[in-house]
Amino acid sequence: MSTQSLATQASATPAAVKSDAGQSGSGISALKIMNYTILVLLTLVFVGPLFFILMNSFKGRFFISSSPFALPIGDYFVGLTNYTSGLAVTNFFNAMGWSFVITIGSVTVIVFFTAMTAYYITRIKARWTNVVYLIFVFSMIVPFQAVMFPTIKIADMLGLSNPAGMMVLYLGFGAGLSVFIFSGFVKSIPLEIEEAATIDGCGPLKTYFYIVFPMLKPVAITVAILNTMWVWNDYLLPYLVIGLSTPYKTIPVAIQMMAGSYGDNDMGAMMAMLVLAIIPIVVFYLFSQKYIIEGVAAGAVKG
Amino acid sequence: MLKSLRKLGLIFAGPTLIAFAIAFAVPFLVGLYLSFCQFTTVTDATWVGLDNYIRAFAPRERFWSALGFTSLVTAVSVVTVNLFAFAIAYLLTRKLRGTNFFRTIFFMPNLIGGIVLGYTWQTIINAFLVQYQTTLASNAKYGFIGLILLLNWQMIGYMMIIYIAGLQNVPGELIEAASIDGASKWQTLRNVTIPMIMPSITICLFLTLSSSFKLYDANLALTNGAPMRKTEMVALNIVDTFFLRVGVEGVGQAKAMIFFLLVSVVAFFQLRVTRRQEVEQ
């Protein structure tokens with residue numbers, strides 16, 4: 001293959017030859033200006049929609065449809081009216097509270113238990129652990145709709161239609177990907193370290209919690225981030241299990257209900273609630289973006 | 001050491017396996033069985049054989065048209081998302097200043113969930129269309145374009161991150177060697193860089209393919225199938241069969257099983273085809 005022949009030549013060539021891969025010349029080249037222009041335009045495309053929602057959330061509801069691109073100034077500006085009326089219909093802060101409880105609880109449960117499971121089924125070589133691993137991998141492809149109806153009926157029968165029950169369901173649904181990612185990493189840990197711990201008198205639980213789990217920490221962050229992004233934004237499962245008749249609505253459920261019953265009438269309130277729904281995500285992102293981006297890259301390589 | 005660990009299977013694997021059985025394993029088997037039954041809850045099922053599968057494809061179910069629309073959205077979004085994501089990743093690995101800033105911005109939409117995303121884009125697209133006295137819900141073409149825009153805006157950042165990671169792993173010597181051999185930028189990209197990042201391409205194709213194919217939330221929020229269920233994707237079609245109609249749960253379950261089979265087949269073939277293109281690093 002051409003790549004291989006190039007590789008052989010690369011090792012034979014003195015490394016002193018200067019690379020032109022990065023256009024690292026000094027001064028401002030035309031190419032550089034073009035690249036930056038593209039990047040700045042892209043930035044506008046990516047930030048634009050968010051700015052549009054933010055801007056309209058401060059405008060009177062009729063101006064949102066009559067002059068959607070006007071700035072919220074003069075007659076258009078209505079202060080926080082949209083926010084107060086939106087909060088009144090959605091009980092938004094209640095939903096945000098439940099979103100926090102369910103997300104933090106589920107992600108903690110997922111990381112804690114799937115790491116242990118992955119460690120066990122990777123270290124113990126038996127037919128059943130192998131089968132379990134394959135079923136976990138299989139579960140990642142299955143669309144939610146295939147299990148949706150039986151799952152919500154069974155959850156209801158078992159009394160899982162509450163936030164704690166949601167954590168059990170999320171542990172079940174999140175297990176596939178999380179076990180898969182953890183297993184990939186456990187395989188790369190040399191067994192000698194655990195053996196040394198055993199010789200020093202540690203039992204399996206102590207070995208796991210004091211030796212293995214600390215080594216799993218970088219992967220645990222990846223797993224936590226991928227699951228947080230999923231659980232926080234998930235709509236269908238919480239809607240079907242706890243959204244209909246209980247007070248435990250999460251943010252996506254609250255937004256959808258508002259749009260279904262009220263959104264057509266009051267665009268302003270809708271814009272305001274979209275802004276409130278986006279704020280926690282952006283804040284979370286700004287504080288942990290380094291981990292999120294590394295986590296996504298690492299999770300993909302494992303996947 | 002492993003001997004004493006072996007006995008602790010219930011502690012290490014028990015909780016996850018129980019939750020997995022409740023949420024996934026048992027429902028999957030029950031769902032498979034129910035797809036051959038007439039039922040309204042899981043306890044009143046009567047066997048009807050392949051009836052549900054035959055009914056699933058009847059024109060009034062609109063399952064075929066949902067499949068067609070889903071395939072179209074998936075095909076277009078997979079191509080556009082990956083081309084844009086790769087181009088941006090390529091640009092951001094050119095040793096420009098401020099790449100971290102741009103990377104942060106481009107990734108951000110990915111954290112916004114489908115429901116919020118759908119209503120955000122619905123408002124934006126309607127804001128444009130209102131100037132032509134029309135709305136998103138009036139023409140399936142607008143719904144299609146809306147979904148493509150939304151999926152691109154959401155997924156480009158994620159795929160970009162994966163491509164950047166791949167591009168950074170291409171050894172600099174390979175690029176140097178290619179340029180010494182007189183390869184043009186385009187030849188280097190085509191014959192060195194792309195073969196070297198095939199694993200990233202495999203992953204990105206898989207992720208875009210499966211998330212576009214399984215799309216539900218954003219479809220619900222953006223158009224909810226309007227006009228006349230013409231922009232309804234498969235997942236939405238299935239959910240509506242269960243919860244907006246009465247007495248067709250079995251048909252819904254059969255559709256869900258067909259959906260599962262399709263997703264598996266498509267994912268399997270895509271992985272096989274792109275894995276074959278990967279080179280030893």
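How many residues does the contact take from chain A and from chain B? The contact takes 84 residues from chain A and 88 from chain B, where two residues are in contact if their C-beta atoms, placed from the backbone, lie within 7 Å. This is a predicted model, in which local features need pLDDT of at least 70 and side-chain atom pairs count only at pLDDT 80 or more, while totals for chains, interfaces and linings use all residues. Residues are numbered from 1 along each chain as its sequence is written, and chains are lettered from A and ligands numbered from 1 in the order in which they are written.

**Where the chains meet**

- On the side of chain A that touches chain B, helix 13 (residues 267-302) of chain A gives the most, with twelve residues. Helices (H or I, at least four residues) and strands (E, at least two) are DSSP runs, numbered from the N terminus.
- That side of chain A divides into 56 nonpolar, 23 polar and five charged residues. Here Ala, Val, Leu, Ile, Met, Phe, Trp, Tyr, Cys and Pro count as nonpolar, Asp, Glu, Lys and Arg as charged, and the others, Gly among them, as polar.

**Chain B as a whole**

- Chain B has 14 helices and two strands.
- Taken along the principal axes, the C-alpha atoms of chain B fill a box of roughly 75 × 70 × 30 Å.
- Of the 281 residues of chain B, 46% count as buried (20 or more other C-beta atoms within 10 Å of the residue's own; 12 or fewer is exposed, and in between is partly exposed, with C-beta atoms placed from the backbone).
- Take the contacts in chain B between residues at least 6 apart in sequence: 74% of them join residues at least 24 apart.

**Two helices packed in chain B**

- Helix 8 (residues 140-168) and helix 11 (residues 198-213) of chain B pack at an angle of about 160 degrees, with their axes 9 Å apart. Axes are lines fitted to C-alpha atoms, for helices over the stretch in contact, and angles run from 0 to 180 degrees between N-to-C directions.
- That angle makes helix 8 of chain B roughly antiparallel to helix 11 of chain B (over 145 degrees; under 35 is roughly parallel, 65 to 115 roughly perpendicular and the rest oblique).
- Residues making this contact include B:Leu151 and B:Met155 of helix 8 of chain B and B:Ile203 and B:Cys204 of helix 11 of chain B.
- By class, the contact between these two helices has nine nonpolar, five polar and no charged residues.

**A look at A:Met55**

- A:Met55 is found in helix 2 (residues 30-56) of chain A.
- A:Met55 is partly exposed, because 18 other C-beta atoms lie within 10 Å.
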